[in-house]
Amino acid sequence: MVNKLFVDQVNVKNKRVLVRVDFNVPLDSMGEISDDTRIRAVLPTINYLLDEGAKVILISHMGRPKGKRDPKLSLAIVAKRLQRLLQKDILFLNDCIGHEVKAAVERMRSGDVILLENLRFYAEEEKNDENFARQLAELGEVFVNDAFATAHRAHASNVGVCKFLSPCVGGFLMKKEITYFQSAMEHPVRPLVAILGGAKVSGKIEALRNLINKVDKIIIGGGMAFTFLKAIGYETGKSMVEENMLDVAMEILKSAKNQGVKLYLPVDVVIAEEVDPRAVTKIVPIQEIPAGWMGLDIGPASTTLFAEVLENAKTIVWNGPMGVFEIDAFSRGTLAMVNTVANSYAMTIVGGGDTDVAVHRVGESYKISYISTGGGAFLELLEGKELPGIAALTSKEA
Ligand code: AMP
């Protein structure tokens, strides 16, 4: 466990507790919340603080307003949903700094909850501006960071604020994310198998390099598999290949071999001439991709092979889809992988990018040990990086 303080290790009674959460929920075309997972994910921390008699001040971003007020990205809609989930009145303020906010916070009583307006209505938030961070910090006496999904960014509300406010502690979601990740990557029950997919090798090189040093086996699917296949001499047609990554792919293959890590690539693929739901598709062995066709999903033989690779795994970490899963015709490989992972006896951790979206499309996602709430943050952990939002928290002995 990282040597940081968490919310259950500090006194919050009657204190103004500033809590950074990630309420960046997806909205549908009517502007309604289409998925409230991110709000539900921080309820344990909020409820704990309320039980302990704290005054809870919630701060979050939503979308990309680029430093300007945008009514479509107001957190007012989140306030309504949160009120329902907590079964309690909460106060929503239409700013996140300033006199009115300060005055309202000073009037708070133990057990009150205030949600402040979108932090990113101020460009200073993403610039990690000191003055903005100080104004946020002045609102609280304790800072809790429960926004794992933004922990890979050094912004005013998760890093800057810790310069002016102490203690800065992690919330329960943060704790859960870190604990699961560490038990999978630092003290794994072996064999540890990583599954990497998604679009490009370039976006995942650091993760690949780091994983090669830790895992027993690695499965590579998705668009990135074609750069590896091309590197070892297959004709890949119009498939997604990053020519400038062929050397890197070879280097990774060699390094896997040198370290005794077994690396698996697809043996067959679903191909089409276009990325189109109406395109004619074929399943071919990897040796038989015709010119002008592209691989858009792993084929059934690869699905079986990968399931066998995962058969005896004790720990599985997965990032990135096996194909263009957004289109039904190219989603089978990813959906089959969700089934295999969900029904495995291993400890299974999934996260990063769109992987959670793919996983939630299958009814069995509840069988996965942990689905990370962080896209980019999870990927950076896979890369072996220290996340600034976690680094900024108060250390235990401090
Ligand atoms: P990433 O964000 O890197 O995990 O990439 C996710 C994206 O990769 C998804 O939107 C998929 O549609 C895309 N993808 C997966 N497999 C392929 C493929 N074979 N060709 C093109 N795109 C792919």
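How far is the sulfur of Cys-96 from the closest cysteine sulfur, and in which residue does that closest sulfur lie? The structure is a predicted model, in which local features need pLDDT of at least 70 and side-chain atom pairs count only at pLDDT 80 or more, while totals for chains, interfaces and linings use all residues. Residues are numbered from 1 along each chain as its sequence is written, and side-chain values use heavy atoms, with hydrogens and water left out.

**View A. Cysteines of the model.** The closest cysteine sulfur to that of Cys-96 belongs to Cys-162 and lies 16 Å away, too far for a bond. With a disulfide taken as a pair of cysteine sulfur atoms within 2.5 Å, the count comes to 0 disulfides. Cys-96 is buried at a relative accessible area of 0%, and Cys-168 is also buried, at 1% (buried, under 20% relative accessible area; exposed, over 50%; partly exposed, in between; 1.4 Å probe, protein chains only).

View B. Asn-14 belongs to the segment before strand E1 (16–20) (strands are DSSP runs of E, at least two residues, and helices are runs of H or I, at least four, numbered from the N terminus). Asn-14 is partly exposed, with a relative accessibility of 45%. Leaving aside residues up to four places away in sequence, Asn-14 touches Gly-53, Ala-54, Lys-55, Ser-110 and Glu-141, where contact means heavy atoms within 4.5 Å. Between the C-alpha atoms of Asn-14 and Ile-33, which are 19 residues apart along the chain, the separation is 32 Å.
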